[in-house]
Amino acid sequence: HNASKGTSLALSALTKYNNLSLGGSTKLSAQSGSVAEYCVGAGYAEKGSFEVTAKLSENFQKAAPASLLVQYIHFVNKNVTYAAQLSRTIEESPKTTAELGGTYQLNSDVKIGAKVNNSAQLGMYAIHAINGNTSVVPCL
């Protein structure tokens, strides 16, 4: 129960067959009896090689259109990964965003990463593990 939004019921399910995963979730509003939001997705993974996922979601409580998110990550080796992400709204004038990025494990304590999107915005970060419970993450 949320005092400002009322009572809701959340349901989710996930199934896996070999390397394929399928799942979904929904949130129902107890006041109106209608669907407040939903998400359905699928994924395929080859352990240690690559993963690809797709997700369709919509939130009726926010004035936002449904969106489709597709992601791909490739594990080059134990130290190097690269990834791509494409997101597109489903409406009359759809908005599309794309990102490309990657990570490199410098040593057992430090991983660096960078990504760029279709608006030419560049992000860079480093994750430095202090101990098993603490990390420092400077980013630009």
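In this predicted model, Leu 68 counts as partly exposed, because its relative accessibility of 36% falls between the cut-offs of under 20% for buried and over 50% for exposed. Leu 68 is found in strand E5, and it belongs to a nonpolar patch on the surface, whose members have about 870 Å² of accessible area together. Besides Leu 68, the patch includes Leu 20, Leu 22, Tyr 44, Val 52, Val 70, Tyr 72, Val 76, Tyr 82, Leu 86 and Ile 90. At least two residues of this patch come from each of E2, strand E5 (66-75) and strand E6 (80-90).

Most residues other than glycine have a negative phi. Asn 18, however, has a positive phi of about 55° although it is not a glycine, and Ala 120, which is likewise a residue other than glycine, has a positive phi near 65°.

Where do Asn 18 and Ala 120 lie? Asn 18 is placed in the loop between strand E1 (8-17) and strand E2 (20-29), while the place of Ala 120 is in the loop between strand E8 (110-117) and strand E9 (122-131). Asn 18 counts as exposed because its relative accessible area, 58%, is over 50%, and Ala 120 counts as exposed at 64% relative accessibility.

| Residue | Phi | Relative accessible area |
|---|---|---|
| Asn 18 | about 55° | 58% |
| Ala 120 | near 65° | 64% |

Definitions and conventions. Residues numbered from 1 in each chain as written. Predicted model: local features only at pLDDT ≥ 70, side-chain atom pairs only at ≥ 80, totals over all residues. Heavy atoms only, no water. Helix = DSSP H or I, 4+ residues; strand = E, 2+ residues; numbered from the N terminus. Buried < 20%, exposed > 50% of the residue type's maximum accessible area, 1.4 Å probe, protein only. Patch = residues over 30% accessible without salt bridge, like charges linked within 9 Å, V, L, I, M, F, W, Y side chains within 5 Å. Areas by Shrake-Rupley, 256 points an atom, 1.4 Å probe, with all protein chains shown as cover. Salt bridge = Lys/Arg side-chain N within 4 Å of Asp/Glu carboxyl O.
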